[in-house]
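Hi,

Here is the structure I promised to pass on.

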Amino acid sequence: VHGTDVSKYQPSVDWAQAKASGISFAFVKATEGGDRVDDAFASHWRGTRAHGIPRAAYHFYYFCRPAAEQAAWFIRNVPR
């Protein structure tokens, strides 16, 4: 099973090509800390859905804020 992890550091992904190459899922960085949304999250989130690639969002934890605050930030910024 092959998947990928993407964030703002992969600003442009050809999701059709990724799927054709055997990608079967994607982890998409959504948030970090308590106040940042990844710059490419919305684009990657739409792109994976448009190409039928199962996806999951993830949060990059920093010790800058309490875990509960960071979890609330993630929930507030990731579509259900």
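Ser24 touches Val1, His2, Ile53 and Pro54, leaving aside residues up to four places away in sequence; contact here means heavy atoms within 4.5 Å. Ser24 sits in strand S2, and with a relative accessibility of 32% it counts as partly exposed. For those classes, buried means under 20% relative accessible area, exposed over 50%, and partly exposed in between, using a 1.4 Å probe and protein chains only. Ser24 and Tyr62 are 38 residues apart along the chain, and their C-alpha atoms are separated by 29 Å.

Before I go further, the ground rules. This is a predicted model, in which local features need pLDDT of at least 70 and side-chain atom pairs count only at pLDDT 80 or more, while totals for chains, interfaces and linings use all residues. Residues are numbered from 1 along each chain as its sequence is written, and side-chain values use heavy atoms, with hydrogens and water left out.

Now the overall picture. The chain has three helices and four strands, and along the sequence they follow the pattern β-α-β-β-α-β-α. Both kinds of element are DSSP runs numbered from the N terminus: helices are H or I with at least four residues, strands are E with at least two. The C-alpha trace spans about 40 × 20 × 20 Å along its principal axes. Of the 80 residues, 31% count as buried. Among contacts between residues at least 6 apart in sequence, 60% join residues at least 24 apart. The accessible surface comes to about 5,100 Å², with 57% of that belonging to carbon and sulfur atoms; areas come from the Shrake-Rupley method with a 1.4 Å probe, and for residues only the protein chains shown count as cover.

Back to strand S2, which covers residues 23-32 and also holds Thr31. Is Thr31 buried or exposed? It is buried, because its relative accessible area is 1%. Leaving aside residues up to four places away in sequence, Thr31 touches Arg36, Val37, Asp38, Tyr58, His59, Phe60, Trp73, Phe74 and Asn77. With His59 there is also a polar contact of 2.6 Å between the two side chains. That term means a pair of N or O atoms within 3.5 Å; within protein, one must be able to donate a hydrogen and the other to accept it, and residues adjacent in sequence count only if both atoms are side-chain atoms.

Then the charges. There are four salt bridges, each being a side-chain nitrogen of Lys or Arg within 4 Å of a carboxyl oxygen of Asp or Glu. Which residue does Asp35 pair with? Its side chain meets that of Arg65, at 3.2 Å from N to O. This pair links distant parts of the chain, 30 residues apart: Asp35 is in the loop between S2 and strand S3 (36-37), and Arg65 in the loop between strand S4 (55-60) and helix H3 (67-77). Arg65 also meets Glu69 in a salt bridge, at 2.9 Å from N to O. Arg65 is partly exposed at 27% relative accessibility, and Glu69 is partly exposed at 34%.

Salt bridges that share partners also join Lys29, Glu32 and Arg36 into one network. Within it, Glu32 and Arg36 meet at 4.0 Å, N to O. Glu32 is buried, at 10% relative accessible area, whereas Arg36 is partly exposed at 36%.

Cheers
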